[in-house]
Amino acid sequence: MKHFISIQDAPDLDALIAKAMLYKENPNIDREKGKYKTLGLLFFNSSLRTRLSTEIAANNLGMQVIGFSNQQAWNFEFMEGAVMDQQNAEHIKEAAGVLSRYVDILGVRSFPELVDRAWDYSEPVLSGFQKNLTIPLVNLESATLHPLQSLADLMTIRELQQTKKPKVVLSWAPHPRALPQSVPNSFASCMLAAGMDLTITHPEGLELSSDFTEGATITHNQQEAFEGADFIYAKNWSSFREYGKGTSLYSDWIIDGKKMKATNDAHFMHCLPVRRNVVVADEVLDSPKSVVLQQAQNRIFTAQAVLASLLDHGK
Ligand code: CP
């Protein structure tokens, strides 16, 4: 693998998950693979899981890690031909060129502005780095995608599934703030690529881009969606159509114990962080069917499999 920007960059999803499962059993089997190699992790936004799990993954491969935030660097300019007489002090061309000489792999997290859909969906920050780096790039959650999260979600489902094609439900859930579409976009395309029976349920007007959901069953009836489900994946997202618009309406879309009763004793999933008793009721999150910590733990081993594959490509 040359880069890991989206799930589609993985040439063989099953092989990547198998590798992650191997690393979960024995995290230290490839301790020499990344010896004398350095991973840079650049964060334009906050993170707990992505930052730490990717650092641990790199350490397991013997790599050094340098993590830093954009606030510790200069303000970057991404526009080609810009006259740089305002706030931005360093063009991405030099920044990416320098980073390519300092580290062997670079991970970047950069959320959307949720104002201009075309701008966000052009992935200005991530593609700016990709164009100008001469080293592999890892998407640590961009404006529209969060593939590392989806890989860990797929691994968790693979560990727990009882049937060949489980029913997986991605349910919109309430949230006080407008959130990106990156997690649901990647989750939907990952589940479909892995051959899951995917149902997406959300209130009317909150459709995701069909680029990611082609092949899924889509319904506005949450109760109907939950019937017979093996996995319930809760996530809020803002509107794609009325781009970036959040809504504090639909508080009745919270995932609670009564709704979970309609499922096939489903596992509850969420990428975290999660707002208790807004997105999901305590009774569900604290129940034995909640696998949110297993998902978070699997972030380490899926990231390790991705980094190992990128290191192998560079040999
Ligand atoms: N799920 C996830 O990406 O968590 P962080 O935002 O804490 O990295």
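Contact here means heavy atoms within 4.5 Å. With that in hand, let's look at helix 5, which spans residues 124–132. Helices (H or I, at least four residues) and strands (E, at least two) are DSSP runs, numbered from the N terminus. A residue is called buried under 20% relative accessible area, exposed over 50%, and partly exposed in between (1.4 Å probe, protein chains only).

This is a predicted model, in which local features need pLDDT of at least 70 and side-chain atom pairs count only at pLDDT 80 or more, while totals for chains, interfaces and linings use all residues. Residues are numbered from 1 along each chain as its sequence is written, and side-chain values use heavy atoms, with hydrogens and water left out.

Which residues of helix 5 are buried? They are Pro124, Val125, Leu126, Gly128 and Phe129. These buried residues pack against strand 1, strand 3 (76–77) and strand 5, against strand 6, and against helix 3 (92–102) and helix 4.

Four strands make up an open sheet with parallel pairing, in the order 2-1-5-6. Strand 2 (64–69) and strand 6 (137–139) are at the edges with a single partner strand each, so one side of each has no neighbour in the sheet. From one strand to the next, the twist averages 20 degrees; axes for such angles are lines fitted to C-alpha atoms, for helices over the stretch in contact, and angles run from 0 to 180 degrees between N-to-C directions.

Two strands count as paired if DSSP finds at least two bridges between them. Strand 1 (residues 38–43) and strand 5 (residues 105–109) pair in the parallel sense over 5 bridges. If you want a spot to look for in the viewer, Phe43 stands opposite Arg109 in strand 5.

## The chain as a whole

Stepping back, the chain has 12 helices and 11 strands. Its radius of gyration is 20 Å, close to the 20 Å that the globule rule gives for 315 residues, so the chain is as compact as a globular protein of that length. That radius is taken over C-alpha atoms, and the rule is 2.2 Å times the number of residues to the power 0.38. Along the principal axes, the C-alpha atoms fill a box of roughly 55 × 50 × 30 Å.

Of the 315 residues, 56% count as buried. Among contacts with a separation of 6 or more, 78% come from residues 24 or more positions apart. The accessible surface comes to about 14300 Å², with 49% of it belonging to carbon and sulfur atoms.

## Backbone details worth a look

Most residues other than glycine have a negative phi, and most peptide bonds are trans. A cis peptide bond joins Leu272 and Pro273, with omega about 0 degrees. Pro273 lies in the loop between strand 11 (267–269) and helix 11 (282–285).

Leu114 is not a glycine, yet has a positive phi of about 60 degrees. Leu114 sits in the loop between strand 5 and helix 4 (117–121) and is buried, at 15% relative accessible area. Asp265 also has a positive phi, of about 50 degrees. Asp265 is in the loop between helix 10 (257–260) and strand 11, and counts as exposed at 52% relative accessibility.

## A buried asparagine

Is Asn298 buried or exposed? Asn298, in helix 12 (residues 292–313), counts as buried at 0% relative accessibility. Leaving aside neighbours within four places in sequence, Asn298 is in contact with Lys24, Ala152, Met155, Thr156 and Glu159.

Note on methods:
Areas by Shrake-Rupley, 256 points an atom, 1.4 Å probe, with all protein chains shown as cover.
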